[in-house]
Amino acid sequence: MHMSSGGGRKGRKKNSNFELNLVPFIDVLSTCICFLLVTAVFINLGSMHVSQAVGSEKQTAEKAKGSVTVSLGGKGDIRFEVKDVPGLKGSQGLTTITGDDGKVNFKRTEQWIQTFASNNTDVKTVLLMPNPYSKYDDLIQLMAQFKKSQMDQIGIAPL
Amino acid sequence: MLNNAKPLSNTHLGSALAGTSLIRPKGNKGGRSLTAGLMLTSLVDAFSILVIFLIMNHSNSQDVVNLGDKIQLPTAKDSQFIQQGIVVRVENDKFFIEEKPVQLPQLAATLKKLNESAEIAKKEGLIIVADRNLDYADLSPVILAGSQAGFTKYKFAVIRKD
């Protein structure tokens, strides 16, 4: 490994080339790599965004497009209530998915959400109404299923 | 004494750097050299790229959220990258706002104070860090207090699943 300082005179006998010792440089880099690898955390953090409507303006603007209210009952039961969607009135807008051994049946909820979202592409608003014993993980999974189906305006009701 | 201590002086192998030297190469002294040529430039390049990659990765998201000792975050697909915000951690029925323990009755007041004084980037919303098996009854006070404090966006911290 050599580096030229450049622009050497012709008549001069002494070569102005100099050598760069790479070994300490490699040592420093190796130490850096070891430190960064040891201190690195390989968890890929993300976040589920939820918007809470505080005022009344947002509600009136979104009312025309309709919304889905999701009530989480005991024993993993989930009730979907569709509001203000043309063509769905009364009991047509109500769907209950019973739990599977006391847990939420996520396969069936995903099927319902995908079918509903493909039939009603304008509906983006979802309101989650958990019960006090609903697990945080269940809420996140439901949010993820709605987001996957492009229903991304999700709100959550406090108790 | 010290010359004898050099391990290379007792072997047929010479220094890799000395062998590749252009000024006074020591590699080819009368005959074939046993020196194994090592291209250190490419090694330095690779190391540099690795260091840059690790530094970039290092400062990505971990400085935003500190997970507690016993918190197992839920995993979720279709989640967004975590951004800045005021971090509220729920751990063993205790609430921590920006790593400071806060009693339940003071939750709304503390959040309101923070919302008024925080930088614009942090006003983006509340980052809620909680265990995946937590009951909603323990999480609901945070959402309620956040609403009272004027926060409209909540970011639930999750582990991204690809």
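What is the mean pLDDT of chain A? The mean is 79, and 80% of the residues of chain A reach 70 or more; pLDDT is the predictor's confidence in each residue, from 0 to 100.

This is a predicted model, in which local features need pLDDT of at least 70 and side-chain atom pairs count only at pLDDT 80 or more, while totals for chains, interfaces and linings use all residues. Residues are numbered from 1 along each chain as its sequence is written, and chains are lettered from A and ligands numbered from 1 in the order in which they are written.

Start by selecting all of chain A. You will find four helices and six strands, taken from DSSP runs (helices: H or I, at least four residues; strands: E, at least two) and numbered from the N terminus. Follow the chain from the N terminus and the order is α-β-α-β-β-β-α-β-α-β.

Now select residues 1-8 of chain A, where pLDDT stays under 50. Where pLDDT is low, the predicted coordinates should not be read in detail.

Next, select residues 106-119 of chain A, helix α3, and residues 136-148 of chain A, helix α4. Their axes (lines fitted to C-alpha atoms, for helices over the stretch in contact, with angles from 0 to 180 degrees between N-to-C directions) come within 9 Å and cross at roughly 30 degrees. That makes α3(A) roughly parallel to α4(A), a label for angles under 35 degrees.

Finally, show the side chains of F106(A), T109(A), E110(A) and I113(A) in α3(A), which meet Q141(A), L142(A), Q145(A) and F146(A) in α4(A). Contact here puts C-beta atoms, placed from the backbone, within 7 Å.

Key
Angles under 35 degrees count as roughly parallel, over 145 as roughly antiparallel, 65 to 115 as roughly perpendicular and the rest as oblique. Two residues are in contact if their C-beta atoms, placed from the backbone, lie within 7 Å.
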